[in-house]
Amino acid sequence: MSETEALGLPPEAFAKQDGGSDLDFYAPTRLVTHIDEAAVEALTRHYASRLKPGDRVLDLMSSWVSHLPPGLDFDVVGHGMNAEELAANPRLGRWFVQDLNQDAVLPEADETFDAVLVCVGVQYLQHPLAVFREVWRVLKPDGVAIASFSNRCFPTKAVAIWRALDMNGQAALIRLYLEKAGFQDVQAHLLADGRSGDPLIAVEARS
């Protein structure tokens, strides 16, 4: 059964306008943030309320910054698409480059992490069910997965179903991914309402 069938979505749900290599697209180093300062601060506060000192954290689809609370120490593994960006991230103790649209299997052991974070990256996944099943696998029992998103993206690389939905629909889509992957207690939290800057929603669940 295909992922679209498993999720009850149309066959072209995960098509992209730009079908070229994702690794080539992300090869230029972009030392920028993809949400504004107020949204970053809201996300950092949310992380602070969900994580505890010493947690093992997988920062999936990461970059040169992880938006983690500065006063808390974590054991962080980063994943991304650009080695220079990941090397510039001071919060990462270890990192790896991998195109999840080509290989969704994470090179991490079962039940390794207390938390897996995905910041403004879910919209690019063409095999989201496979990826979130991997997230479930590498999380410890009762671990937390937090996927945050705004209304920004690289539109040619975002999948068709994402581009067709508003933010409430996108939150429902992530909920679908998480529930089908085996997660429990899925909740969506509005972290920034967008009235004075970038909107931000976090969808989280427990393994």
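Which residues does C153 touch, not counting residues up to four places away in sequence? I started my notes with this cysteine. The model is predicted.

**Entry 1: C153**

I looked up the contacts first. C153 touches Q123, Y124 and A158, with residues up to four places away in sequence left out. Then I checked where C153 sits. I found C153 in the loop between β5 (139-149) and α6 (160-163). The relative accessible area of C153 is 31%. Buried would need under 20% and exposed over 50%, so C153 counts as partly exposed. I also took one distance. From C-alpha to C-alpha, C153 and A13 are 17 Å apart in space. In sequence, 140 residues separate C153 and A13.

**Entry 2: α5 against α7**

I turned to a helix pair. Two packed helices are described by the angle between their axes and the distance between the axes. I looked up both. Helix α5 covers residues 128-138 and helix α7 covers residues 167-180. Their axes come within 8 Å. They cross at roughly 55 degrees. Angles from 65 to 115 degrees would count as roughly perpendicular, and those under 35 as roughly parallel. The pair α5 and α7 is therefore oblique. I noted the handedness too: the crossing of α5 and α7 is right-handed.

Which residues of α5 and α7 meet? On the α5 side I listed P128, L129, F132 and R133. On the α7 side I listed Y177, L178 and K180. I sorted the residues of this contact by type: 5 are nonpolar, none is polar and 2 are charged.

**Entry 3: what α5 buries**

I went through α5 for buried residues. They are P128, L129, V131, F132, E134, V135 and V138. P128, L129 and F132 also belong to the contact with α7. Then I asked what covers the buried residues of α5. The cover includes α1, β1 (56-60), β4 (113-119), β5 and α7.

**Entry 4: rings**

How many aromatic pairs does the structure hold? I got 3. I noted one of them, F14 with Y177. Their ring centres are 6.4 Å apart, and the planes make an angle of 50 degrees. I logged this pair as tilted. The pair links distant parts of the chain. F14 is in the loop between α1 (3-7) and α2 (22-25), while Y177 is in helix α7. They are 163 residues apart. Are F14 and Y177 buried or exposed? Both F14 and Y177 are buried.

**Entry 5: positive phi**

I checked phi at two residues other than glycine. Phi of H67 is near 60 degrees, a positive value. H67 lies in the loop between β1 and β2 (75-80). The relative accessible area of H67 is 11%, so H67 is buried. Phi of D142 is near 65 degrees, also positive. D142 is found in strand β5. D142 has a relative accessible area of 51%, so D142 is exposed.

**Entry 6: A42**

My last stop was A42. I found A42 in helix α3 (residues 37-50). Its relative accessibility is 5%, so A42 counts as buried. I took its distance to N101. A42 and N101 are 59 residues apart in sequence. In space they are 29 Å apart, C-alpha to C-alpha.

Note on methods:
Residues numbered from 1 in each chain as written. Predicted model: local features only at pLDDT ≥ 70, side-chain atom pairs only at ≥ 80, totals over all residues. Heavy atoms only, no water. Axes fitted to C-alpha atoms, helices over the stretch in contact; angles between N-to-C directions. Helix = DSSP H or I, 4+ residues; strand = E, 2+ residues; numbered from the N terminus. Parallel < 35°, antiparallel > 145°, perpendicular 65-115°, else oblique. Left-handed = near helix turned anticlockwise from the far one by under 90°. Contact = heavy atoms within 4.5 Å. Nonpolar A, V, L, I, M, F, W, Y, C, P; charged D, E, K, R; others polar. Phe/Tyr/Trp six-rings, centres within 6.5 Å; stacked < 30°, edge-to-face > 60°. Buried < 20%, exposed > 50% of the residue type's maximum accessible area, 1.4 Å probe, protein only.
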